[in-house]
Amino acid sequence: MRYRIFLSFLFLCATTVFVMGQKAASVKSFSVTTDHIPGSERRNDLNGNPCALVKIQVIDDIDRIEGNKIGSIVNKGVEKWVYMCKGSRNMRIHLKNHLPVKVMFQDYKINGLESNRVYELILEIPDAPASNVTAIVQNPTNSSAKQRLTINYSPKHAMVLVDSKPYSGNGKIEVELPIGEHDYVIAAEGYITAEASVKLTEFAPRVITETLPADPSYVPSSSQEPETKQGIRGLLSVVGKSVGLSKEGKKSKQKKEKSTKKSKKNEISNNQQNEKSEQVNNTNPARATVPSMDDILGKNNNNVVEESESITPTYALNESFKYTYDGVTFKCKAKKGYVTITSFDTNAANVTIPSKVLYNGNYFPVKAIDTFVNGNNYSVEVLTIQNGIEIIGKFSFAEFRKLRDVTLPSSIKSIGKKAFRFNTGMVFHLPGNINENSIRSGKEIRLSN
């Protein structure tokens, strides 16, 4: 009996010494970040609401966490990921080799966690081998240190931009990047773009998985003809309109000319067409002459159209097509008669983005610019956006390294974040309602006009 009491006493003493020997960790910082939770790594609570993600940086193992935690802890090396319910206000962290730490979120001006937001909690360990390893994670002393970033993405043909640099990998890319925060964009025609930031540390590589959802508003191009033929057809439509032909009459005439091109009947029809054109031109001085085929094609056959008048669209256009203006070819995506410019020639030095484009004989208004795929551009020096355009999408002119002169119209209502990223040296010509500092800082701008 005495032996058992003696053993119990020794155990109690050992436990007391162990607990007294343990040191307490402390909270260095707790804040919300701009990080993005990949779709494949999101969690919902028991009510189906998206969780918040708390990334805990600590040089110790975590035994358990008390609080509104959902699921198990994800070990990312120095970083541990903990998913918590929306509105959570505190957590208690039980470490393996140190005393527990209780974190009251309101002490750090966070009254409750928000859904789908990422928070960073940094714990300091008094006996850590380095003076502050968490500081190394945030501000690495070795500026040349790099880490591997792997991005798995779908669809496989999507384009990936990391820090505005394009990569291609058929569904997967692996890159070595400096320690720190990096931006990435994943985009594919017909899908909704994914865009976020990722933080790399020297302790573990990062793996991201992104599956782009289909864009329900996307309308694929129905025309497979070369750009030059489309341009000729559009011009011929204008010619047909100027001589008073109906839409059905133009189609019939085009088929007739193809099938009986060398026949005498076609020659007579052409003569009659020319006579009608002369009559119309004589009665309407604004239309001097009907251009010949040589005039339509031009020497360079570049589909450049002089805009003599604005033509109201006669139907709702849902097409993807190309249009050349002032020597620059633009890719256009139209929906319900309104056009978005999605890209343009990468070797153009002077670019003027038109406020209307010609397609099948009608001018359609350009309302938006979404040209982020032209990022990391080393050619464009002067950019002019015509009046009438209302929206400039995010990253549209990011990393335009030679761009030095930018003119924006008073019609602009919205500018996406980082639309003019890397704008050192740019001179902006802005209307009075747009703040230059907001553009340079990359903030999203919304105007009521």
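In the predicted model, a polar atom of the Ser-88 side chain lies 2.7 Å from the backbone oxygen of Cys-85. The side chain of Ser-88 also makes a polar contact of 3.4 Å with that of Asn-68; a polar contact is a pair of N or O atoms within 3.5 Å, where, within protein, one must be able to donate a hydrogen and the other to accept it, and residues adjacent in sequence count only if both atoms are side-chain atoms. The model is predicted, with local features needing pLDDT of at least 70 and side-chain atom pairs counting only at pLDDT 80 or more, while totals for chains, interfaces and linings use all residues. Residues are numbered from 1 along each chain as its sequence is written, and side-chain values use heavy atoms, with hydrogens and water left out.

Ser-88 is located in the loop between strand S5 (79-84) and strand S6 (90-95); strands are DSSP runs (E, at least two residues), numbered from the N terminus. Ser-88 counts as buried because its relative accessibility is 2% (buried: under 20% relative accessible area, 1.4 Å probe, protein chains only). Apart from neighbours within four places in sequence, Ser-88 is in contact (heavy atoms within 4.5 Å) with Asn-68, Phe-105, Gly-112 and Leu-113.

Elsewhere, an open sheet of four strands has the order S19-S22-S24-S26, with parallel pairing; two strands pair if DSSP finds at least two bridges between them. Strand S19 (350-353) and strand S26 (427-429) are at the edges and have a single partner strand each, so one side of each lacks a neighbour in the sheet. Strand S24 (residues 405-407) and S26 run parallel and are joined by three bridges. Thr-407 is opposite His-429 in S26.

Conventions. Buried < 20%, exposed > 50% of the residue type's maximum accessible area, 1.4 Å probe, protein only.
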